[in-house]
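Biologist: Thanks for sitting down with me over this one. Shall we go through a few places together?

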Amino acid sequence: MKSCDVLVLGASAAGIAAGNAVKAYHPEKSVMLFRNVEKTVVPCGIPYVYGELKDVEKDIIPDGHATGSGAELFTDEAVDGDLKEKVIKFASGEEVKYDKLILSVGSHPFVPPLPGRDLKNVFTVKKDVKVMQEIFDAVNKAKNIVVIGGGFIGVEMGEQFNKIPGKNVTIVEMLPHCLLLAMEEEFAVMAENKLKDAGINVLTNASAKAINGTDTVESVELASGEKIPADMVLIGIGAAANVDLAKNLGLEVDMKMGIQVDKFMQTSDPDVLAAGDCAAKVSFITGKPAPVRLASIASEEGFMAGYNTYASDKIAMKGAVGAFGTKIGDRVFAAAGFTTGMCKMNDVEYYEGNFVGPDRHPAAFDDVTMDTKVKVIFRKSDDKLIGGDATGNLQAVEMANVISACIQAGYTVKDLATTQFATHPKLTGSPLGYHICQAAENALRNR
Ligand SMILES: Cc1cc2nc3c(=O)[nH]c(=O)nc-3n(C[C@H](O)[C@H](O)[C@H](O)COP(=O)(O)OP(=O)(O)OC[C@H]3O[C@@H](n4cnc5c(N)ncnc54)[C@H](O)[C@@H]3O)c2cc1C
């Protein structure tokens, strides 16, 4: 039987960060990482394999990222274990004894009970090179591709499929707009128009009722009765936490939200921590359970879990903000925290501020984006920043990151309206027209 101080199950964003943190802050401790796939893919890079990278092998996290710190990496699947004995059993028959266990086993694609989902050429987005290659081969043979789901996974996959010449791509979204759960409606509409401009057939207020075909998929049938021809279908409607192993081990689990953890990422067992997509989260804004799963959260939770294994000054997770960015064609759309829709759903009274203007000063530079836009959202009860969106050139994602940092730092509307930012003619809007401050100032006037 092998043994180590810290056993990490899962070697993606959360697991790699956890293993590296153990080795960085508790270097005398031995670490073993196990993953149930041969290679770790860059999960957020999966869509770009199809249109831009054109090769699955270009989307791999080098193993050195996990082992460079001194951790050992193995490929095997954890299938069972005994928390009292502190032993995990693997599919190969191997058993590993640990002192501390970190579960970072991630998530899997959520698949709705759609008739026909098992037909040939119907795929979900799995973080597995074999499946990615199967999709790659199918995409290249397909002419009519239907993506079910217009959230960020479906939109990014559809946008990249559409970059391959000769493909007819349709995105089917049941809400009134794509990306509506991730960003403000007017930003979602702009993003959707970018997809349409690129030639993608975007069907909104449309739900898939069945996938038709005999052996291989032939069409997707909508609730309206319309049938869309398809020789390949990708279902991209969300991710579900991998909780079965934790449940079998006897840990407290919420089957929908994930493995229950406290603010130090500790599970119901004092020697077991969990981090990333498999761990339940609470919202930074409301403190209530939040079904948000992002690599940016996973890697920070992994870091905290690794650090906290043997630390006396443990780091506390303050809640998930949800900072997200994407690029459609030449335009970036990014958001952090709550949208106004989320405020309404959670009975949070809010006010907002907006600013649209050029991202260069003077605006005469060739690479200016005149309609760079920022929205910021504040809670009425305490004037604190709770959300924001940005769209424009590449800097829009960093604006959303600034908004995310300011949410976490507890900024009020006055703080944000008076924050000092670096500005430069060729790089940003003017100091008098810097989007985040101006949007906050607009909010201050509106409240
Ligand atoms: C197409 C796509 C695009 C995305 N884009 C973004 C983005 O732009 N930004 C962003 O922040 N997030 C994005 N995400 C979300 C992001 O990928 C996840 O939040 C992130 O991968 C979570 O990391 P994780 O380490 O918690 O879990 P995962 O990445 O799911 O990794 C889980 C690991 O556990 C292993 N494992 C599972 N079960 C076992 C077992 N029983 N035994 C051993 N090993 C096991 C797996 O092999 C894997 O190594 C995207 C997701 C997808 C699918």
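Modeller: Happy to, and please keep in mind that this is a predicted model. Let's begin with Gly322: apart from neighbours within four places in sequence, Gly322 contacts Val292, Leu294, Ile297, Ala335, Ala336 and Gly337.

Biologist: How many Å separate the C-alpha atoms of Gly322 and Gly337?

Modeller: Gly322 sits in the loop between α8 and β22 (323–328). Along the chain, Gly337 is 15 residues apart from Gly322, and their C-alpha atoms are separated by 5.4 Å.

Biologist: Is Gly322 buried or exposed?

Modeller: The cut-off for buried is under 20% relative accessible area. Gly322 has 16% relative accessibility, so Gly322 counts as buried.

Biologist: Nice. Now the helices: are α1 and α8 roughly parallel or roughly antiparallel?

Modeller: Helix α1 (residues 13–25) packs with helix α8 (residues 295–308) at an angle of about 30 degrees, their axes being 7 Å apart. Angles under 35 degrees count as roughly parallel. The relation of α1 to α8 is therefore roughly parallel.

Biologist: And how many nonpolar residues does the contact of α1 with α8 have?

Modeller: From α1, the residues taking part include Ala17, Val22 and Tyr25, while those of α8 include Ala298, Phe303 and Tyr307. By class, this contact has no charged residues, three polar ones and, for the class you asked about, eleven nonpolar.

Biologist: One last stop: which residue's backbone oxygen does the side chain of His361 reach?

Modeller: His361 lies in the loop between β24 (350–357) and β25 (372–379). Among its contacts beyond four places in sequence are His424, Pro425 and Ser430. At 3.3 Å, the His361 side chain reaches the backbone oxygen of Gly429.

Note on methods
Residues numbered from 1 in each chain as written. Predicted model: local features only at pLDDT ≥ 70, side-chain atom pairs only at ≥ 80, totals over all residues. Heavy atoms only, no water. Helix = DSSP H or I, 4+ residues; strand = E, 2+ residues; numbered from the N terminus. Polar contact = N/O pair within 3.5 Å; in protein donor to acceptor, adjacent residues only side chain to side chain. Contact = heavy atoms within 4.5 Å. Axes fitted to C-alpha atoms, helices over the stretch in contact; angles between N-to-C directions. Parallel < 35°, antiparallel > 145°, perpendicular 65-115°, else oblique. Nonpolar A, V, L, I, M, F, W, Y, C, P; charged D, E, K, R; others polar. Buried < 20%, exposed > 50% of the residue type's maximum accessible area, 1.4 Å probe, protein only.
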